[in-house]
Amino acid sequence: MGNIKGFVYGILTAVTFGLIPLFTLPLMTHGMEFDSILFWRFLIATLALGGLMLFKGESFRITARDIPGLVLAGFLYTMSAMFLFWSYKFMAAGIATTLHFTYPIFVTLVMWIFFREKTSAITLGAIALAIGGVATLSINGDDMEFSFLGLVIVLLSAVGYGLYITTLHTSSVKTMPSRKLAFYVFIVSTILFAAKAMTNGGIQAVPDPVSMLNIFLLAVVPTIISNLTLVMAVHHIGGTLTAVLGAMEPITAVCVGVLVFGEPFTPNLAVGIVMIITAVTAIILSRQLQEALNGFLHRRGIIRGK
């Protein structure tokens with residue numbers, strides 16, 4: 001049952017993260033810069049989540065032992081968001097999305113090299129299939145230009161997000177309640193984006209009530225909800241599987257583009273979606289698939305066992 005919950009949380013994390021363009025693009029059309037959008041996003045998320053914790057009577061208490069892990073998690077999460085948005089200035093968003101989704105590779109490598117987490121052939125195959133699916137979704141003929149600097153920046157985003165997931169799974173904060181953990185991560189992100197905005201013309205005011213609604217929804221859906229479910233997914237199924245389930249994020253972004261912003265639904269999109277859904281299904285059924293594969297190889301005499 002725990003694994004089923006973990007898969008549901010992982011998919012919900014990816015789907016809610018994928019809604020970021022739905023709330024962000026209208027803000028950009030009203031002239032808001034990324035630094036200010038991200039500051040307001042995390043400030044409102046901090047206040048809303050803190051209010052929920054007060055309402056439920058939950059403790060805000062942390063120990064000195066928790067502080068390094070919380071600061072590190074907040075820094076890595078901030079780093080990932082900042083570098084991803086910065087990369088859009090140097091390359092097409094489709095290429096950036098594809099390169100950012102290399103983060104499951106970094107999660108898998110870190111968990112394997114430093115924490116000896118076993119990774120099956122099914123998981124590695126699903127990672128490759130999911131990345132191929134994201135590439136098919138994102139890369140079109142007109143989107144192949146990117147700079148070396150942009151490449152470095154977006155890979156830093158992927159490294160940051162991958163390390164954020166491994167921090168949630170391996171640091172001293174891994175047993176902290178999800179709401180408390182997300183609350184302190186949001187505080188760190190708010191402070192860092194406030195400092196970043198002050199170096200780039202200051203924090204912009206929210207221009208109108210509709211923009212305020214978009215900022216509020218940005219703070220709640222792809223920030224509070226997605227981070228809470230991310231923490232719970234990592235607790236239940238580990239960092240590697242949670243990272244691969246993140247392949248559902250670009251599918252959500254594509255659906256938003258097609259259904260809300262009127263973008264065309266091309267054959268590339270259809271093929272990419274099928275590849276990603278296949279990869280996610282393989283991850284969910286990985287244990288059964290691995291047992292079936294081992295049985296087949298055993299019957300063929302390729303491997304020996306009891």
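**Cavity and rings**

Modeller: Let's begin with the lining of the largest cavity: its largest share, 4 residues, comes from α1. Keep in mind that this is a predicted model.

Colleague: Which helices each supply at least two residues of its lining?

Modeller: Those are α1 (2–17), α8 (148–170) and α10 (209–245). Among the lining residues are Gly10, Phe17, Tyr103, Tyr161 and Glu249.

Colleague: How do the lining residues divide into nonpolar, polar and charged?

Modeller: You get 6 nonpolar, 4 polar and 1 charged.

Colleague: Switching to rings. How many aromatic pairs does the structure hold?

Modeller: There are 12 aromatic pairs. Take phenylalanine 42 and phenylalanine 193: they are stacked, 5.7 Å centre to centre with 5° between the planes.

Colleague: Where do phenylalanine 42 and phenylalanine 193 lie?

Modeller: Phenylalanine 42 is in helix α3 (residues 34–55) and phenylalanine 193 is in helix α9 (residues 178–198), so their pair ties together parts that are 151 residues apart in sequence.

Colleague: And are those two phenylalanines buried or exposed?

Modeller: Phenylalanine 42 and phenylalanine 193 are both buried.

Colleague: What about phenylalanine 183 and tyrosine 184, what kind of pair is that?

Modeller: Edge-to-face, because their planes sit at 80° and the cut-off for that label is over 60. The ring centres are 5.1 Å apart. Phenylalanine 183 counts as buried at 10% relative accessibility, and tyrosine 184 counts as buried at 17%.

Colleague: Which residues do ring pairs link into a cluster?

Modeller: The cluster consists of Phe17, Phe42, Tyr77, Tyr103, Tyr161, Tyr164, Phe186 and Phe193. Looking back at the cavity, Phe17, Tyr103 and Tyr161 are among its lining residues.

Colleague: Last topic, valine 280. Which helix is it found in?

Modeller: Valine 280 is in helix α12 (residues 267–284).

Colleague: Buried or exposed, that valine 280?

Modeller: Buried: valine 280 has a relative accessible area of 5%, and buried means under 20%.

Colleague: What is valine 280 in contact with, leaving aside its neighbours within four places in sequence?

Modeller: Ile11, Leu245, Ala247 and Met248. As for alanine 126, its C-alpha atom is separated from that of valine 280 by 7.1 Å, with the two residues 154 residues apart along the chain.

Key
Residues numbered from 1 in each chain as written. Predicted model: local features only at pLDDT ≥ 70, side-chain atom pairs only at ≥ 80, totals over all residues. Heavy atoms only, no water. Phe/Tyr/Trp six-rings, centres within 6.5 Å; stacked < 30°, edge-to-face > 60°. Buried < 20%, exposed > 50% of the residue type's maximum accessible area, 1.4 Å probe, protein only. 1 Å grid on protein atoms, 1.4 Å probe; cavity = no way out; pocket = protein on both sides within 12 Å on 5 of 7 lines; lining within 4 Å. Nonpolar A, V, L, I, M, F, W, Y, C, P; charged D, E, K, R; others polar. Contact = heavy atoms within 4.5 Å.
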